[in-house]
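Good morning, and thank you for making time on the agenda.

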Amino acid sequence: FILNIDTGKGTIYDYPQMWNPKKLQVEFPYINDAYRGLPYCYVYLQVWDMDAYNAMGLLKVDMCKETSIGWQEINKFPVEPVFAARPGSTEEDDGIIMSPVLDSTSNTTSLYIWDAMNLEVLAI
């Protein structure tokens, strides 16, 4: 649903599913806080595969280009991703993603930090 805040009129828009495989489920969307209430392209989500055990990860969806990239490691279970912009950034996805990640093999949780542009792990 898209609400035009200037006119108060809403339209239903069915966004195409921009991730593969299509059976993945997503939850906990998060965007750059500087873009709340404004047009934005990037959304970060927790993702899981309902048909597979030990299959959770993160997903970055580019709503403007209708593409996505993801991060996933076996036996690793991230929770809700949080975006933090790099101070002085000028690009919407210039920053980091943070999330606690449970390692089910060691039964420990660590804070992971990813580069928000490419989901490369920067620190654990």
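Let me begin with a question: in β9, which residue is the bridge partner of Pro-78? Please keep in mind as you look that this is a predicted model. The partner of Pro-78 in β9 is Val-101. That pair belongs to the contact between β7 and β9, which run antiparallel and are joined by three bridges.

With β8, β9 pairs in the antiparallel sense over four bridges, and here Phe-83 has Ile-97 of β9 as its bridge partner. With β10, residues 108–115, β9 is joined by eight bridges, again antiparallel. Between β9 and β10 the hairpin has four residues, and Asn-107 adopts a positive phi near 55 degrees.

I turn now to the open sheet. Four strands make it up, in the order β3-β4-β5-β6, with antiparallel pairing. β3 and β6 are the edge strands, each pairing on one side only. From one strand to the next, the twist averages 30 degrees. Between β3 and β4 there are five bridges in the antiparallel sense; the bridge partner of Val-26 in β4 is Val-47.

Next, the covalent link. The structure holds one disulfide, and it joins Cys-41 to Cys-64 with an S to S distance of 2.0 Å. These cysteines are 23 residues apart, with Cys-41 in the loop between β3 and β4 and Cys-64 in the loop between β5 and β6. What is the handedness of this disulfide? The torsion about the S-S bond is about -85 degrees, so the disulfide is left-handed.

I come finally to the charged residues. How many salt bridges does the structure hold? The number is five, and I shall describe several of them.

Asp-93 and Lys-60 meet through their side chains in a salt bridge, at 2.6 Å from N to O. This pair links distant parts of the chain, 33 residues apart: Asp-93 lies in the loop between β8 and β9, and Lys-60 in strand β5, residues 56–62. Are these two side chains buried or exposed? Asp-93 has a relative accessible area of 7%, and because buried means under 20%, Asp-93 is buried. Lys-60, at 6% relative accessibility, likewise counts as buried.

A second salt bridge brings together the side chains of Lys-76 and Asp-103, at 3.9 Å from N to O. Lys-76 lies in strand β7, residues 76–78, and Asp-103 in strand β9, so this pair ties together parts that are 27 residues apart in sequence. Lys-76 counts as buried at 13% relative accessibility, and Asp-103 is buried with a relative accessible area of 16%. Lys-76 and Asp-103 also belong to a network of salt bridges that includes Glu-73.

Lastly, Asp-94 forms a salt bridge with Arg-86, and their closest N and O atoms are 2.6 Å apart. Here Asp-94 counts as buried at 13% relative accessibility, whereas Arg-86, at 43%, counts as partly exposed.

With that I conclude, and I shall be glad to return to any residue you wish to discuss.

Notes. Residues are numbered from 1 along each chain as its sequence is written. This is a predicted model: local features need pLDDT of at least 70, side-chain atom pairs count only at pLDDT 80 or more; totals for chains, interfaces and linings use all residues. Side-chain values use heavy atoms; hydrogens and water are left out. A salt bridge is a side-chain nitrogen of Lys or Arg within 4 Å of a carboxyl oxygen of Asp or Glu. Helices (H or I, at least four residues) and strands (E, at least two) are DSSP runs, numbered from the N terminus. Buried means under 20% relative accessible area, exposed over 50%, partly exposed in between (1.4 Å probe, protein chains only). A disulfide is a pair of cysteine sulfur atoms within 2.5 Å. Two strands pair if DSSP finds at least two bridges between them. Axes are lines fitted to C-alpha atoms, for helices over the stretch in contact, and angles run from 0 to 180 degrees between N-to-C directions.
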